[in-house]
Amino acid sequence: MLVLGATPMGDPADASPRLRDALATADVVAAEDTRRTKSLATALGVQITGRVVSFYDQVEVDRVPLLLAEMREGRRVLLVTDAGMPSVSDPGYRLVAACAEAGIGVTCLPGPSAVTTALALSGLPVERFCFDGFAPRKRGPRQAWMRTLTTESRAVVFFEAPHRIADCLADASEVLGPDRRAAVCRELTKTYEEVKRGTLGELAAWATDGVRGEITVVLAGAEPVSADPADLVAEVEDLVSAGLGLKDACARVATTTAADVSKRALYEAVLAARG
């Protein structure tokens, strides 16, 4: 059995009773940082009795077959990362996939996550959201990624490093517009927790003074805009030229564009344009 354990982001008191029990009883504890995991156990008053092995990005591939062998022998493996949920921008998914393929059971001890915590604190509409991991480090790829969010109607959550957040917010203001709303959440659950809410223009100006700590950004979804169906005819025809049926092409454009337009109105606009 593989057990995925969500670990506190800052305050050890956020550890669940099930995580405490798992740390004490697992045969093997696979940890992103063994020292931090041992420190967490000490803070929780828990003695780890099993073998502790490292499981970080650079050794993940090599560790998977070794841990599978442990589980095939009937041992219980607990996987923990430095903070939050394994597999969510942290090591884990390769081991889960390998267990699934090998028919080995996998369970999860739910708990802290910077993604859901930031969403809850953002003050933005987050009924629908997507998570994009870390923003690209370099400006060109970062701006290209942001252009894909221009018409994204869902809230977007992503991580950013403190030394890049000012440039990231400046790019976001430039690409997505200074009026798009967002929230910058830093040091979640820690002593200096702070949530800064505002427009991208306001947040970009705020970040120029420097921002410290671990950062999660929540970006509001794009507002739907009214559009003349005739303006989207060329996009539909491009899809038709690529082999898609007219009705399917209209449906795809209507559902993927930020414009508020119906499939029927788009279909009629295409027929009218064709004469």
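The residues that line the largest cavity divide into 10 nonpolar, no polar and no charged, where Ala, Val, Leu, Ile, Met, Phe, Trp, Tyr, Cys and Pro count as nonpolar, Asp, Glu, Lys and Arg as charged, and the others, Gly among them, as polar. The structure is a predicted model, in which local features need pLDDT of at least 70 and side-chain atom pairs count only at pLDDT 80 or more, while totals for chains, interfaces and linings use all residues. Residues are numbered from 1 along each chain as its sequence is written, and side-chain values use heavy atoms, with hydrogens and water left out.

The lining of the largest cavity consists of Trp145, Met146, Leu149, Phe158, Leu169, Ala172, Leu176, Leu200, Val217 and Leu219. Two or more of the lining residues come from each of helix 6 (139-147), helix 7 (165-176) and strand 10 (215-219); helix 7 gives the largest share, three residues. Helices (H or I, at least four residues) and strands (E, at least two) are DSSP runs, numbered from the N terminus. The largest cavity holds about 50 Å³ of space, and the count of cavities of 30 Å³ or more comes to one. A cavity is a set of points on a 1 Å grid over the protein atoms alone where a 1.4 Å probe fits but cannot get out, and lining residues have an atom within 4 Å of a point.

Five strands form an open sheet in the order 3-2-4-1-5, with parallel pairing; two strands pair if DSSP finds at least two bridges between them. Strand 3 (51-54) and strand 5 (106-109) stand at the edges with a single partner strand each, so one side of each is left without a neighbour in the sheet. From one strand to the next, the twist averages 25°. Strand 1 (residues 2-5) pairs with strand 4 (residues 77-80) in the parallel sense over four bridges, and Val80 in strand 4 is the bridge partner of Gly5.

Helix 1 (residues 17-25) lies across strand 1, strand 2 (28-31), strand 4 and strand 5, and runs at about 125° to strand 5. Helix 4 (residues 93-102) lies across strand 1, strand 4 and strand 5, at about 150° to strand 1. Axes are lines fitted to C-alpha atoms, for helices over the stretch in contact, and angles run from 0 to 180 degrees between N-to-C directions.

Leu121 lies in helix 5 (residues 114-121). Beyond its neighbours within four places in sequence, Leu121 is in contact (heavy atoms within 4.5 Å) with Leu188, Glu193, Val195 and Arg197.

Methods
1 Å grid on protein atoms, 1.4 Å probe; cavity = no way out; pocket = protein on both sides within 12 Å on 5 of 7 lines; lining within 4 Å. Points joined across faces, edges and corners; volume = space filled by probe spheres on them.
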